[in-house]
Every structure is written in C-alpha cells, then in structure tokens.
2 protein chains.
Amino acid sequence: MFADLRRILIGAPLPSARMAHERLSKVRALAVFSSDALSSVAYATEEMLLVLVLAGTGALGLSLPIAVVIAGLLVIVAASYYQTIHGYPSGGGAYIVAHDNLGVWPGLTAAAALLTDYVLTVAVSATAGIAAITSAFPALLPYRVELCLLAILLIAWANLRGVRESGTLFAIPTYGFVLIFLALIAVGLVRLATGTLNSVDAQVVATAESGAQALTLFLILRAFASGCTALTGVEAISNGIPAFRPPEARNAGKTLVAMVVLLATMFLGISVLARVLGVAPLEHETVVSQIGRQVFGTGPLYLALQAATALILVLAANTSFAGFPWLSAILARDRYLPRQLTNRGDRLVFANGIALLAILSSALVVVFGGQTHRLIPLYAVGVFLSFTLSQAGMVRHWYKLRGQNWPWKAAVNGLGALATGVVLLVIVATKFVHGAWVVLLLIPIFVWMFHTIRRHYHAVAEQLSLEGLQPETWTGLATRKRSKVVVAVSGMHRGTLVALRFARSLSKDVTAVVVDVDPEVTTRLVDKWPAWGQKIPLEVLESPYRSTLEPILAYLDEVDRFEPERGLAIVVLPEFVPARRWHHLLHNQTARLIKQALLYRREHSDKDRVIIDVPYHLRR
Amino acid sequence: MFADLRRILIGAPLPSARMAHERLSKVRALAVFSSDALSSVAYATEEMLLVLVLAGTGALGLSLPIAVVIAGLLVIVAASYYQTIHGYPSGGGAYIVAHDNLGVWPGLTAAAALLTDYVLTVAVSATAGIAAITSAFPALLPYRVELCLLAILLIAWANLRGVRESGTLFAIPTYGFVLIFLALIAVGLVRLATGTLNSVDAQVVATAESGAQALTLFLILRAFASGCTALTGVEAISNGIPAFRPPEARNAGKTLVAMVVLLATMFLGISVLARVLGVAPLEHETVVSQIGRQVFGTGPLYLALQAATALILVLAANTSFAGFPWLSAILARDRYLPRQLTNRGDRLVFANGIALLAILSSALVVVFGGQTHRLIPLYAVGVFLSFTLSQAGMVRHWYKLRGQNWPWKAAVNGLGALATGVVLLVIVATKFVHGAWVVLLLIPIFVWMFHTIRRHYHAVAEQLSLEGLQPETWTGLATRKRSKVVVAVSGMHRGTLVALRFARSLSKDVTAVVVDVDPEVTTRLVDKWPAWGQKIPLEVLESPYRSTLEPILAYLDEVDRFEPERGLAIVVLPEFVPARRWHHLLHNQTARLIKQALLYRREHSDKDRVIIDVPYHLRR
C-alpha cells in the first residue's frame with residue numbers, strides 16, 4: 001500500500017541507464033542557470049530601502065549611488081567567475097576550487113557556507129515569491145507562512161519526481177520575467193520623460209522605526225550590505241559548465257556576460273524607478289509591486305509582472321533544489337556527510353538531499369514568520385564567504401599553473417577576492433546583531449560535523465580493512481564445529497521444533513534454555529521435553545526479577561567465561577512471526593529484544609556471537 | 001544510563017518471592033476499600049444542584065427528596081452486594097459474576113463497563129480533588145488541567161513504585177475525611193438549631209443557563225441521575241474479599257454495612273446542609289467548600305476540610321490504579337487483552353496497566369478541560385451497567401445453586417438488578433446527549449476488541465499446537481544439510497571474511513551475492529574475490545533501479561522456484577555493528593532492512609528461511 005502511494009506520488013522508478021546528460025544551448029542555459037541571480041532584483045532594491053528608511057524618507061535618495069557601487073561590484077565578481085569558468089571547465093564550485101587550491105579546511109568552510117546558502121535561497125525565494133502574490137492579493141497576507149510551506153513542498157515534490165533542468169521548461173518564465181521587467185523599466189522611463197508618470201502618493205511608511213536612526217556611515221554600509229543580495233546566484237553558471245554544448249567553457253563565459261548585463265540593467269533600472277517615483281518600502285506591498293502599479297496601472301500587465309516575479313522566484317528556489325543535493329552527494333562521496341546522501345532515488349535524483357533541504361528551509365520559513373527582510377541578514381554571509389574563498393583559490397590556482405598571462409589572471413581574481421572579502425566584512429559588521437551571527441555560528445559547527453563524520457568513516461575503514469592480512473594464512477574466527485549452540489525457547493510448539501532440529505544439525509554441543517518467568521508455563525515445557533526435546537539438554541534459568549532477557553544474556557556471558565577456548569557462540573532464536581502487523585502488539589517480542597541486545601547493547605555486543613533466527617510464519 | 005534513571009524513579013527491582021499477601025482488619029479494610037465510595041459525597045450533591053439550577057434557584061429545594069431516594073437506592077444496592085460477598089467469597093467482580101452466570105458476552109460487557117469506569121474514576125476524582133484545592137486557592141484555577149495531570153502522574157508513579165494497599169497509609173486520610181465531614185454536619189446542625197448559622201448570601205449563580213429551563217420530570221430525573229454518582233465505588237469491597245482476615249466473607253459483609261451507613265449519613269447530611277443554607281452551585285467554588293466556609297468560617301477547620309477532601313479524592317483515584325491493572329491482567333490472562341498486561345514490573349505491579357490507565361485518564365482530563373461536571377454524564381453509565389449485570393448474574397447464581405433460602409436471596413439481588421437497571425435507563429435517557437453516548441459507543445467497541453484479540457490468540461495457539469504430531473515420526477522442516485546458503489555481501493572486509501567462513505562451514509552449497517549498485521564498488525569486490533572468496537562462487541546481481549534490497553529478495557525467490565525440492569534456504573548476513581548509537585545514522589543499514597523484509601514483508605516472509613546474522617563489532 002505504501003509502495004503504491006509512493007508510485008503515485010513520485011512516479012515509477014527509472015532505471016539507472018536512463019541517466020541523461022542533456023546539453024544546453026546558450027539561450028536555454030541562460031534560462032536554467034540565471035533564475036537565481038535575476039530573481040534577486042525582485043527584492044534587492046527593497047532591502048536597501050528598508051535600511052535607509054530607518055534614517056527617514058529623506059535618506060532614500062542614497063539608494064541610487066549605492067546601487068551603482070553594487071553594479072560595479074557585480075562586474076568585478078563576474079570577471080572573476082569568467083576566469084573560474086576557463087580555469088575549471090569541468091565545473092568549479094566554491095567547494096572544489098577552495099579544496100583543490102587552499103586545502104581541506106577552507107574547502108569545508110566553503111562547503112558549509114554554500115549549504116547554508118542553498119537553504120537560505122529556498123527560504124528567501126519562497127518568501128519573496130509569496131510576497132509578490134500577497135502584494136497583488138492582500139487578503140492572502142495572513143497565510144503567508146502556510147503559502148511558503150506549500151510552495152516549498154510543491155518544489156520538493158517536483159524535484160523528487162525528477163524535474164529535468166529542461167531548458168524549455170525554464171525558458172518561458174525566465175525570459176517572460178526578463179521581458180516584463182525590461183518593459184516595466186522602458187515604459188517607466190518613457191512615461192517619465194513624457195511627464196505622464198506621477199510619483200507614488202506620499203504613503204505612510206509601514207516600518208515603525210522610520211526615521212528613528214541617524215544617517216550614519218554604518219547605516220549606509222548596512223544598506224549596501226542588504227543590496228548585495230543582488231549578487232546571489234552569479235556563481236551558478238560556473239558550477240554547471242558540463243551542461244553546456246561544446247566548447248563548454250566559451251559558451252558558458254558568453255552566457256555569464258549576457259546574464260550580468262541583464263542583471264545590472266534590471267537592478268539599476270528598478271533602483272532608478274524606485275527613486276524617481278519616491279517609493280518607500282511598505283509592510284504589505286513590495287517595491288516592485290508599487291512601481292508596477294504606478295507604471296502599468298492595476299490591469300493585466302501589472303498582474304503579469306507579479307505573476308512573473310512569483311514564478312521566477314519559485315525557479316530560483318528550484319535552483320537550490322538542484323545544487324544542495326548535488327553538493328551534499330559530493331561531500332558524502334568524500335565522506336564528509338552520511339553516505340545515504342549519495343543514494344539516487346527512484347527517479348535518479350538525490351532524494352535524501354531534496355528531503356533534507358525541504359525540511360531545513362521550511363523550518364527557517366516558520367522561524368522567521370515568512371518575512372523576507374528578516375531572513376536577508378543571514379543570507380548574503382554564506383554567499384560572500386564562498387565567493388571570497390573561491391576567488392582566493394583561483395589566485396592560488398593561476399599561481400600554481402603559471403600559464404599564459406598568469407599574473408593578469410591572478411590579479412583579476414585577486415581583485416575579486418579582495419572586493420568580495422571586504423563586502424563580507426561589511427556584511428558581517430553591519431548585520432551581525434540582526435542575524436548574521438547565526439550563520440557565523442553555524443558554519444564552524446558544520447565544518448566540525450564534516451570532520452567528525454569523516455573521522456568516523458575513516459575509523460570504520462581501518463577496522464574493516466584487509467590490509468596486512470594474508471588470504472592463505474588467515475584463520476579469523478573459529479568455525480561452527482567448535483561452537484556452542486544455545487537455543488532460547490519459551491514453550492514447546494511447532495516453531496520450537498524447527499529451531500531445535502536446525503540447532504542440532506549445527507553442532508553436537510547444543511543446549512536449550514528456558515527462562516522461568518511463569519512456573520506454570522515452565523512446568524508444561526519441562527513435561528513435554530523428554531518426548532519433543534530431540535535429546536537436547538534443557539536448562540531452566542531462574543529469573544527472580546521476572547525478566548526474560550537478562551537471564552539469557554547472563555547465561556551467555558557465563559558460557560563465555562567458562563569456555564574461553566571455544567570460538568564463537570551461536571544463539572538460535574525460534575521466532576513465530578504474526579501474519580499481520582497489528583498482531584505484533586499482542587506478543588511479547590522477546591526474540592526481537594534478545595537480538596537487539598546481542599547486536600547493539602555494548603556490554604553484551606562485545607563478544608563474537610552469531611545470531612540465528614528461525615522464523616515460523618503464522619498464516620492468519 | 002536509562003537503567004539508572006529507572007532505578008532512581010521506580011526503585012530497585014523486587015524478586016518475585018517478595019509477593020506478599022497482607023490481610024486487613026475490618027477497620028483498615030474500610031479505609032482501603034471505601035475511599036472511592038465515600039469520596040463521591042464530595043461532588044454528588046453538587047452535581048444534583050447543577051442540574052436543578054437549570055430550572056432556577058427555586059428548583060434547588062427538590063434536591064432533598066431526590067437525595068432521600070438515592071439513599072434508598074444505596075441500601076438496595078448494598079443489600080445486593082452483601083449477598084454477592086457471601087456468594088463469591090473469593091472475590092466477585094462484575095466481570096467474574098457476569099461471565100460465570102450469564103455467559104461470555106455479558107461478562108465482556110461488564111468488563112468493558114468496568115474498565116471505562118476505572119478510567120473515569122481517575123479523571124473525576126482528580127478533577128474533583130483539584131477543585132477542592134482551587135476552591136480554597138482561587139488563584140490556581142487557571143492551572144487546573146495541569147494540576148490534574150500532575151496529580152495523575154504522581155499517583156501513577158507511586159503505583160509504579162508499588163504502593164502496598166497498606167491499611168495504615170489509607171486509614172489516616174480516610175478516617176480524617178469521615179471525621180471532618182461528620183463534624184461539619186454535626187456543627188452545622190447544632191448551629192442551625194441554636195440559630196447561629198446564616199444562609200449563604202444570595203450569590204450570583206455562575207451557571208449562565210440558570211433558570212433557562214422549565215422544571216420538567218425529565219430534569220428531575222436528570223438531577224437524580226447525576227446524584228447517583230454517590231453510589232460509585234460501593235462494589236469495591238466485594239472485589240477485595242480475599243484481603244480480609246478470616247472469616248473473610250463475614251468480615252467483608254460487616255465492613256460493607258459500616259461503609260454504607262457512613263456514606264448515607266454523609267450524603268444526606270451534606271444535602272440537608274446545602275438546602276438549609278441555600279447553597280447554589282458556583283463555577284469557582286464547590287458546594288462543600290461553601291458549606292464549610294459558612295459552618296467553620298475560613299479558619300484552620302475549613303482548610304482541613306478542603307485538604308481532607310482533596311486527599312480522599314486522590315485515594316479514590318488510587319483505588320482505580322489498583323483495580324484497572326488487576327482487571328486488565330485477568331482479561332489478558334483470559335486472552336481478551338494483550339498478554340503484556342499480565343507482566344509484573346520491577347516492583348511486582350502490573351506496570352503496563354498502570355501506564356495505560358494514566359495515559360487514558362490524562363487524555364480525558366485534557367479533553368474535558370479538567371471540569372468535573374462535564375465528566376459526570378459519562379461516569380455513572382459504566383457503574384450502573386456493571387451493577388445491573390452483576391446483580392442479574394447473582395440471581396442466576398442463586399437459581400443454579402438452589403441452596404438454603406435461595407428464592408429470598410434471588411429476590412434481593414433481583415430487586416437490586418431491577419433498581420440499578422431502571423436507574424441505568426434513566427441515566428442513559430437523561431444524559432445521552434450530554435456525553436453518555438460516548439460510553440455507549442465505547443463499550444461495544446471494547447467488547448469487539450476483546451473478541452478480536454481472543455480470536456487472534458486462539459488462531460496462534462492452533463497454528464503452533466503440537467496436537468496430532470507424533471514425536472517419533474515428526475520430520476518437519478529439512479535440516480541444514482539439504483539447504484542452500486546465500487551470503488549477501490556488500491564489499492570485501494573483515495566482517496565478510498568471518499561470514500563467508502561461517503557459511504562455508506554450514507553447507508557445501510554456498511553462493512555469495514552482491515548487488516551491483518555502484519559499479520566501482522562491485523569491480524573492487526570482484527577483483528579481490530579470487531584471493532579472499534574462500535572458493536565460494538560469487539554472483540553479481542543487476543540492480544537497474546539502484547535498490548539493494550529488491551534484487552536479493554528476487555534472487556531468493558528464484559532459488560525457491562528452481563529448487564523446490566530443497567528444504568529451507570539459509571541467508572547469511574555479515575553486519576558490521578558501529579560502536580556508538582549515532583554512527584548508525586551514517587550507514588545504510590542494509591543488513592537490517594534485509595532481515596526486516598525477510599521476516600515481516602508478507603510477500604517474502606511466506607517461505608521457510610533461516611536468517612543468520614554474523615555481526616562484526618567495531619570498537620570505535
């Protein structure tokens with residue numbers, strides 16, 4: 001029944017041979033890899049304004065110069081990644097680049113930063129996407145947390161079914177979003193030039209703290225740090241180079257340039273319009289929505305803008321649902337995470353990673369009440385930490401290779417590392433108390449966890465290794481013949497007969513034991529033994545405290561003590577298996593308890609014992 | 001660690017030999033067995049008034065004649081039970097009497113009614129006890145649910161530790177309660193006669209519906225039905241006859257008479273005082289508390305009254321904690337309930353029954369918001385159903401025996417059965433919509449559950465029975481020698497070596513199988529096989545859908561199909577066992593999954609297979 005339900009929800013399992021490697025044209029690759037980056041224009045300007053408004057609406061004018069600086073930073077970062085693409089044509093995520101060039105610890109730090117970031121991308125994109133919808137339909141505002149969780153659930157479900165990164169599927173919403181945004185900017189500027197565009201009415205600024213603070217350098221830097229979320233997702237292309245058509249690196253490079261041009265245009269365009277229209281951030285409506293209503297009115301174009309925004313944000317979340325499970329699987333392959341994360345599910349996706357991401361991001365949404373601006377202080381830290389480590393790694397990379405033009409290439413990446421490093425410090429300094437500390441706490445915890453897991457796997461491998469053993473001379477454990485066999489019986493029934501016969505065929509040294517919990521039951525067994533006991537000696541174990549388990553464990557320990565020369569002890573457990581699951585509730589399940597104690601209770605599991613289950617299946 | 005915690009909380013385990021059989025004097029027996037019955041005077045009058053006030057405060061005067069009728073009913077019921085005591089000197093609970101004389105179904109119905117009733121006794125006593133406390137300390141009123149749960153938890157804990165039904169322990173609060181109640185009545189009547197007692201001030205009656213209904217016969221009957229809760233617990237002595245000193249039946253009979261006299265006096269006394277003082281039921285203060293404050297003032301005597309009331313109600317709940325586990329164990333012994341309920345815990349008590357009762361009664365308290373009067377409509381149904389069945393059973397009993405005076409004895413019990421049966425109908429009719437339907441729904445469900453459980457145990461016994469087998473000619477399953485042994489390996493390591501060697505010692509027909517999930521891993525294994533495989537053939541199983549489990553199960557099915565003449569198949573599972581519990585999270589636990597599928601998945605478990613676990617314990 002569970003299997004049927006799974007098949008309906010997830011779809012029929014796919015054979016491993018169906019693992020396809022779609023190659024993408026530049027146009028489609030842009031759609032697939034840029035949704036994360038482009039979608040950030042939906043909230044980056046607003047996040048800047050939300051900080052500036054703390055110093056009053058007069059401070060909002062600073063958003064424009066800050067946006068220009070951010071666009072400049074974007075160009076520097078893009079130039080760096082352009083080089084990464086050519087330096088790592090097989091795909092250069094921050095974990096790989098940092099691990100290869102800077103060593104294990106920076107690599108793990110980058111991996112921890114990336115994983116945190118993927119989780120935050122899902123949470124931020126989901127909340128911002130739902131904000132686009134609640135801006136158009138304010139009645140839905142009270143349900144934003146539920147809507148976010150529903151969105152995450154749907155994305156996770158689609159990924160468990162195995163959405164291919166199908167170019168076509170992504171092309172429509174991505175290019176739709178680009179088109180309607182460019183149209184918004186163009187129409188806005190034209191109407192502005194022709195004087196037909198009015199400013200937004202002086203609205204009550206929803207933020208209660210509006211004007212509560214002085215306009216300090218610190219506040220400006222904080223606005224800058226918030227605006228830097230526009231850069232998130234720029235690294236996506238450099239991770240996905242193998243998906244491009246050959247020549248992969250060149251095509252990827254060109255796609256990166258196109259993406260950055262679009263991103264810079266849209267970000268600056270929205271920032272300009274927000275400024276000239278005098279938009280202030282509101283609790284119940286996004287900045288983009290306010291601009292859209294002013295420029296397009298409330299007609300179909302406005303609704304299309306909101307729909308496209310919501311849709312691209314869903315796609316951005318979807319990007320993380322590709323990246324997180326993939327990075328987890330790589331880390332698990334390298335033994336830094338549980339190996340279950342490398343298992344491909346029925347639909348060839350890393351199902352455990354998808355489930356994990358959905359759970360973590362949902363938890364974030366709930367904790368932060370589905371509000372984008374409360375998540376933002378946590379967001380950019382991981383991104384810029386991985387940017388910095390990755391760029392620094394590239395500097396090292398060029399230095400190690402010393403190929404053509406290496407000092408120039410190292411300089412470009414060095415500038416990138418420096419710029420992103422400085423931004424990282426700004427972000428940490430300005431947003432520490434607002435939430436960045438959470439990420440700064442989580443990253444070392446993750447790194448420590450990676451290390452501990454790796455150490456465990458290493459210890460296991462060492463203990464199981466055949467290293468130093470010789471096949472010809474290996475004797476290992478004693479074999480069956482020198483073993484003592486103990487059959488734990490509870491009563492004389494058909495299941496017992498089968499187990500006794502099996503035990504007798506194993507060894508000449510067989511003893512049956514019964515624990516005397518209920519004297520009446522024990523007497524019945526002892527009476528039947530001469531006829532049915534198959535000549536095996538029966539020992540009755542006292543149980544003053546009425547436990548079935550402890551006397552058997554004690555007996556086995558005693559056997560070990562008195563016959564240390566003997567090899568492994570063999571425990572035979574007759575177990576009748578009820579026909580239906582609920583029947584288990586009606587039985588004592590002593591066999592199961594004995595098995596678990598022998599396998600997993602340390603004080604008893606330290607001995608070499610073979611456990612033999614002789615099941616007797618009930619039919620009804 | 002868990003074992004240590006258990007020892008601290010529950011105490012050191014007691015050996016079975018310590019099972020004591022204390023015999024009680026009449027004075028102590030009265031204390032032990034009457035707390036349930038006597039404690040009901042704490043709420044019975046109030047519950048009557050709560051119904052009458054619906055027809056306005058003028059209707060409260062009817063409480064006195066109703067109380068007199070109830071006292072009469074009490075005498076009839078007591079006379080019936082007096083006879084039960086002499087008819088069943090070894091203890092005649094309703095289940096036993098009805099089962100013996102009326103048959104299985106009436107017996108099970110009585111058992112279901114009793115179990116429901118025990119749960120309700122705990123819930124009602126806990127809520128009424130806490131009401132006595134919140135009447136004195138109204139600040140605690142908002143926490144009444146929490147306080148009730150705490151009280152139940154404490155009683156359950158004390159019972160898990162094994163409170164003996166120690167006469168001394170019970171004597172002080174029970175006789176204290178009786179004394180202070182008799183003092184209250186005496187002082188009240190004296191002050192009334194001397195004219196020094198004033199009526200309660202005309203207070204605002206808290207019940208919003210006060211006076212909302214007409215004074216119909218139905219309402220009067222409903223008040224009567226609520227007042228009948230005073231009779232709950234009268235049956236306790238007849239259950240516990242073996243605890244009396246010899247001559248048991250005679251002593252028990254005398255104790256019953258003493259209890260009934262006390263109960264009738266206290267119930268009538270409180271009802272009279274409530275009437276003459278003009279007490280009306282209030283939301284925040286019990287009727288007894290109002291009377292107490294008027295008679296005693298708010299000094300130490302009043303506080304002693306409240307404390308004694310709370311204490312005896314706790315003891316009443318405690319009575320159920322003896323009765324419920326005991327009845328469950330009897331039902332489980334008769335195979336009507338899971339046999340785990342017959343297990344005696346560390347302290348020789350039926351620990352599972354105690355835990356079950358605590359959980360069920362806590363759930364009731366939460367569902368009904370800790371309010372006694374909302375629980376009352378459910379309460380009396382079970383009591384009177386078991387009264388009626390038990391008395392009817394006694395009529396049959398006398399008829400079967402036809403001893404001395406049997407028509408007279410049968411007539412007394414017949415009158416009891418008739419009276420309680422009529423009251424049962426009145427209770428059901430008047431309280432059906434207020435909650436009695438819940439109990440009327442639960443009782444048949446319980447009976448059906450008893451029947452289903454019994455049928456299962458019967459089916460198991462039949463399937464396991466040796467009936468019809470002959471020890472000399474029994475062959476049963478094939479032995480090891482004709483068996484095929486399959487070793488499921490995942491890689492070549494020390495654990496595998498041990499398992500292979502063990503398998504080889506079992507049979508000549510051994511095959512190792514590996515599931516090809518990761519080609520790299522498989523290749524490594526195949527390469528090492530010639531050197532380390534101990535000449536056992538290795539089969540590589542394809543796994544197009546990447547499952548480890550399914551190909552192994554399919555292989556075993558195929559073996560079964562192609563070699564049907566073979567006996568049982570033996571599956572050997574090498575299993576390395578991590579040193580620490582959290583390590584399990586880092587491993588795929590395939591061996592565990594295979595074991596579970598072979599044992600418990602119906603489509604695979606239907607074959608005769610022996611499962612051999614060869615554990616390899618990691619040390620770190």
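In the predicted model, Ala358(A) is part of helix H14 of chain A, which spans residues 351–367. With a relative accessibility of 14%, Ala358(A) counts as buried, because the threshold for that class is under 20% relative accessible area. Apart from residues up to four places away in sequence, Ala358(A) touches Ile152(A), Ala156(A) and Phe321(A). Val53(A) lies 305 residues from Ala358(A) along the chain, and the C-alpha atoms of these two residues are separated by 34 Å.

The secondary structure of chain A, in which helix H14 is found, consists of 21 helices and five strands. The radius of gyration of chain A is 33 Å, whereas a compact globule of 620 residues would have a value near 25 Å. Along the principal axes, the C-alpha atoms of the chain fill a box of roughly 110 × 60 × 50 Å. Of the 620 residues in chain A, 56% are buried. Among contacts in chain A with a separation of 6 or more, 81% are accounted for by residues 24 or more positions apart. Carbon and sulfur atoms contribute 64% of the accessible surface of chain A, which comes to about 26000 Å². The chain carries 53 positive and 38 negative side chains, and the centres of these two sets lie 8 Å apart.

Superposition of chain B on chain A gives an RMSD of 0.2 Å, by a turn of 179° and a shift of 0.0 Å along the axis. The two copies are therefore related as by a two-fold rotation axis. Within chain B, the C-alpha nearest the axis belongs to Ile612(B), at 2.2 Å from it. The same surface serves both copies, since 100% of the contact residues of chain B recur in chain A.

Several backbone features were also examined. Most residues other than glycine have a negative phi, and most peptide bonds are trans. In chain A, the peptide bond from Pro246(A) to Pro247(A) is cis, with omega near -5°; Pro247(A) is placed in the loop between helix H10 (236–239) and helix H11 (248–276). In chain B, a cis peptide bond joins Pro246(B) and Pro247(B), with omega about -5°, and Pro247(B) is found in the loop between helices H10 and H11 of that chain.

Arg335(A), although not a glycine, has a positive phi of about 70°. This residue is located in the loop between helix H13 (300–333) and H14 of chain A, and Arg335(A) is partly exposed, with a relative accessible area of 30%. Arg546(B), also not a glycine, has a positive phi of about 65°. Arg546(B) lies in the loop between strand S3 (538–542) and helix H19 (549–562) of chain B and counts as buried at 12% relative accessibility.

How values were computed. Residues numbered from 1 in each chain as written. Chains lettered and ligands numbered in written order. Predicted model: local features only at pLDDT ≥ 70, side-chain atom pairs only at ≥ 80, totals over all residues. Heavy atoms only, no water. Helix = DSSP H or I, 4+ residues; strand = E, 2+ residues; numbered from the N terminus. Rg over C-alpha atoms; globule rule 2.2 N^0.38 Å. Buried < 20%, exposed > 50% of the residue type's maximum accessible area, 1.4 Å probe, protein only. Contact = heavy atoms within 4.5 Å. Areas by Shrake-Rupley, 256 points an atom, 1.4 Å probe, with all protein chains shown as cover. Lys, Arg positive; Asp, Glu negative; His and termini not counted. Charge placed at Lys NZ, Arg CZ, Asp CG, Glu CD. Least-squares fit on C-alpha atoms with pLDDT ≥ 70 in both.
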